[in-house]
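Here's a quick briefing to get you started. Have a look at the sequence and the model, then read on.

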Amino acid sequence: MFGHLGVSSELTAVYELLVTGGSRTTEEIGVARELLEQMAELGMVRHLPGDVWQAVAPDLAVEALIATREEQNRRARADVGPLMELYLRNRDEELADNAFVDVVSGAGAVRELWHTLLRGAREEVCVLDQPPYVTPLGEHVALEDETRERDVQWRVVYDRSAVDIPGRVTEIIELVAAGERARVTPTLPFKLAVIDTHAAVLPVANGDVVDKVLLIRPSALLDVLRSTFELYWDKGIPFSPGGIYAAAADVDPNLLGLLAAGLTDESIARQLGLAPRTVQRRVRQLMDRCGAQTRFQAGVQAMRRGWL
């Protein structure tokens, strides 16, 4: 019951015994008194006259355990400062001037770093997304969903090459439906992920494999990278299939999103499972409807009309 709050199975079993069986003495419970006193300190039970132990109401017990965990987190963060000073003081002199940047090499180490950063995310993850990837695409949805359970928000700008990957549109639609805010743009300068305000990772691709990343800690460089993300976020076109107004109900939102992303007719056809000629006809109809001379103009008009 309380395992996710750091409570051992033994303490949980005693608490459930008192909840289901009512108040009992130390002898009736059959555990060491020290264990019960530990539960009392955690706010799970109270000690009554006659050596009787009573369970605290579950809602109050949970709040007490959460408060204890938050206090532990606060103390841990307070301890980071002195530890970082020691860490940096003992680094090689060659790295001392660049202590805000670490190089992490090896596919396994890179993947572990990414998972660690996501586990520590508390507010927002901002990503400039383009291939290749650290985590297999099929696993990324689960990772993002896990952070969202802690109310972590995601903003992602997708490069056209990312959207063009077979099956990727379906995945992005799933992520957007779950709460991700997504935009698309024809080109991105590099891959980037910014986690809250305390870290960023710049992947270094070796062919089609990411086996090295730069980990950037709070610094002027991190501020620049955050600003770069915001720049591309502002320029990106919202990816919101199904989110168009009723006035444009006859417009295929998937087609519109892929067109705005800059995909070719052939790529759109592969994503939507249509014949290239069908896509060409629908794109032409959309351009005629918008009074656009080019595909780009059609995308701009779609944004102005609130279709995206």
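Two strands pair if DSSP finds at least two bridges between them, and the strands themselves (E, at least two residues), like helices (H or I, at least four), are DSSP runs numbered from the N terminus. This is a predicted model, where local features need pLDDT of at least 70, side-chain atom pairs count only at pLDDT 80 or more, and totals for chains, interfaces and linings use all residues. Residues are numbered from 1 along each chain as its sequence is written, and side-chain values use heavy atoms, with hydrogens and water left out.

- Strand 9 and strand 10 (residues 209–216) run antiparallel, joined by seven bridges.
- Val204 has Lys212 of strand 10 as its bridge partner.
- Two residues sit between strand 9 and strand 10 in their hairpin, where Gly207 takes a positive phi near 70°.
- On to strand 8 (residues 192–195): three bridges pair it with strand 9 (residues 199–206), again in the antiparallel sense.
- Ala193 faces Val201 of strand 9 as its opposite number.
- The hairpin of strand 8 and strand 9 has three residues between the strands, and Asp196 has a positive phi near 50° there.

**Helix 6**
- Helix 6 covers residues 107–120, so 14 residues, and spans 20 Å from first C-alpha to last, close to the 20 Å expected (1.5 Å times one less than its number of residues).
- Val110, Leu113, Trp114, His115, Leu117 and Leu118 of helix 6 are buried, meaning under 20% relative accessible area with a 1.4 Å probe, protein chains only.

**Phe100**
- Phe100 lies in the loop between helix 5 (93–96) and strand 4 (101–105).

Terms used:
Buried means under 20% relative accessible area, exposed over 50%, partly exposed in between (1.4 Å probe, protein chains only).
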